[in-house]
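Hi,

Here is the structure I promised to pass on to you. Have a look at it first, and then read my notes below with the model open beside you.

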Amino acid sequence: MANTASLTGSWLDEFPARLSELDQAHLRRQRQVVEPEDGAYLCVNGQRLLAFCSNDYLGLANHPALVQAACDGARAYGVGSGGSPLVSGHSSANDALEHALARFVILPRALYFYAGYATNIGIVPALVSKGDAIFSDALNHACLIDGARLSGAQIHRYAHADMAALEQQLASSPAPRKLVLSDAVFSMEGDVADVPALLALCERHDALLLLDDAHGFGVLGPQGRGCLAHFNLSGQNASPRVLYMATLGKAAGVAGAFVAGSEALVEWLLQKTRSYIFATAAPALLASALQISLQLIEQDEWRREHLQRLIARLRTGLNQGLQGSSWQLGVSPTAIQPLLIGPNDAALGVMQGLRERGLWVPAIRPPTVAEGTARLRIALSVAHTEADIDRLVQALTALAKPAAA
Ligand SMILES: *Cc1c(COP(=O)(O)O)cnc(C)c1O
């Protein structure tokens with residue numbers, strides 16, 4: 001029948017040229033095929049590289065106790081959950097995990113999702129819709145932005161961390177329902193949101209605050225209980241105006257996400273979140289692994305202490321080594337340490353230079369970050385040693401020399 005190889009005149013014909021445009025702008029991304037090795041090393045296309053790109057901040061993703069728990073979970077429950085949570089997919093393992101998660105972050109109730117992206121794009125439209133208003137930090141993660149767009153509510157974007165701008169927007173909005181969205185730790189900057197200030201504004205203007213703690217859970221707060229515990233806003237001090245969301249594929253080392261808050265809010269989300277209702281529940285083997293992960297996060301204070309030592313060592317080393325260079329280390333107290341380079345091709349060049357030295361640090365370019373702020377996103381993990389950090393500092397110092405001259 002019709003020759004499907006010929007699409008002359010069709011818009012489908014434009015894709016090769018559109019891909020070339022990406023190439024010319026240095027925006028085409030490549031996936032790398034990786035296999036884990038020892039420590040923070042990865043085998044990437046056959047090359048052994050010291051990696052600084054993993055969000056496995058506590059070094060739990062390959063932990064033998066988690067692997068064992070996942071295997072035990074698979075033996076007890078099978079591999080697939082078989083259905084949506086509201087039909088037949090809500091296993092006793094997932095139910096127990098929700099209780100453990102709520103206890104861990106010291107909030108009344110938690111709802112466990114298969115992914116963080118699906119959580120935010122689903123819960124925002126479940127909370128607000130056309131006629132309501134959303135207030136969103138300019139540097140929020142893409143899934144909060146996409147959730148806001150899906151909701152149909154009016155979106156007010158405020159400059160990053162600008163509480164005065166947020167206050168003004170909240171004060172002048174006549175919307176009956178106001179929802180403030182913020183990353184708790186910003187994923188490309190590493191800085192921590194001023195949660196008490198956000199909450200105070202939400203109280204003053206009858207708004208709900210949704211915090212995405214993807215990068216704080218397990219790392220911030222006593223026993224890694226996250227950003228609310230860090231600011232002493234959980235337990236007895238928990239506010240019914242806060243919805244806490246965190247992902248479980250980063251510091252927790254597994255996969256999935258959860259949202260926690262007041263009984264009524266979480267029950268509402270269970271009833272109304274389309275990405276929850278119309279999707280297959282996460283496999284129970286993940287919940288089995290996550291139970292062990294929560295125990296290790298709680299017990300192993302040494303992991304957070306080691307991470308803090310690495311962060312301090314990197315910052316001291318780079319601040320000395322990069323003196324006189326135009327590269328700028330962001331002001332971040334967390335495991336995410338952005339090194340701002342500027343132009344896309346320059347950031348790619350540094351990434352390539354590091355790679356030739358056996359180091360892998362990803363260059364992050366627009367549209368993930370703003371135009372002209374291409375950067376290396378250095379992610380530190382408990383899997384790194386102090387010698388690993390020194391190697392990175394030395395390599396970056398050497399690469400910065402020409403720029404400084
Ligand atoms: C990684 C991330 C997500 C997405 O979580 P997944 O479980 O990977 O889908 C959401 N929000 C932030 C801030 C993230 O960094």
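Let's start with a sheet: 7 strands make up an open one, in the order β4-β10-β9-β8-β7-β5-β6, with mixed pairing. At its edges are β4 (109-113) and β6 (154-158), each of which pairs on one side only. From one strand to the next, the twist averages 20°.

Before going on, some ground rules: this is a predicted model, where local features need pLDDT of at least 70 and side-chain atom pairs count only at pLDDT 80 or more, while totals for chains, interfaces and linings use all residues. Residues are numbered from 1 along each chain as its sequence is written, and side-chain values use heavy atoms, leaving out hydrogens and water.

Helices (H or I, at least four residues) and strands (E, at least two) are DSSP runs, numbered from the N terminus. Two strands pair if DSSP finds at least two bridges between them. Contact means heavy atoms within 4.5 Å. Axes are lines fitted to C-alpha atoms, for helices over the stretch in contact, and angles run from 0 to 180 degrees between N-to-C directions.

Back to that sheet. Strands β9 (242-247) and β10 (257-261) pair in the antiparallel sense over 4 bridges, and Thr-247 has Ala-257 of β10 as its bridge partner. Helix α6 (163-172) lies across β5 (133-137), β6, β7 (178-183) and β8 (207-212), and runs at about 155° to β6.

There is a second sheet to find: 4 strands form an open, antiparallel one in the order β11-β12-β15-β14. Since β11 (328-329) and β14 (363-364) are at the edges with a single partner strand each, one side of each has no neighbour in the sheet. β14 and β15 (374-379) pair in the antiparallel sense over 2 bridges, with Ala-363 opposite Leu-376 in β15. Lying across β12 (336-342), β14 and β15 is helix α13 (344-356), at about 35° to β15.

Next, a helix pair. α4 (116-127) and α5 (142-151) pack at about 30°, their axes 7 Å apart. That makes α4 roughly parallel to α5 (angles under 35 degrees count as roughly parallel, over 145 as roughly antiparallel, 65 to 115 as roughly perpendicular and the rest as oblique). Residues making the contact include Tyr-117 and Ile-121 of α4, and Leu-144 and Ala-148 of α5.

What about the inside? The largest nonpolar core has 95 residues, and Val-180 and Phe-217 are among those with the most contacts inside it. Apart from it lies another core of 24 residues, including Phe-113 and Val-259. (A nonpolar core is a set of buried Ala, Val, Leu, Ile, Met, Phe, Trp, Tyr and Cys residues joined through side-chain atoms within 4.5 Å; buried means under 20% relative accessible area, exposed over 50%, partly exposed in between, with a 1.4 Å probe and protein chains only.)

Finally, is His-205 buried or exposed? At 15% relative accessibility, His-205 counts as buried. His-205 is in the loop between α7 (195-204) and β8, and, leaving aside neighbours within four places in sequence, is in contact with Glu-167, Leu-170, Ala-171 and Lys-178. Asp-13, in the segment before α1 (15-24), counts as partly exposed at 40%.

Enjoy exploring!
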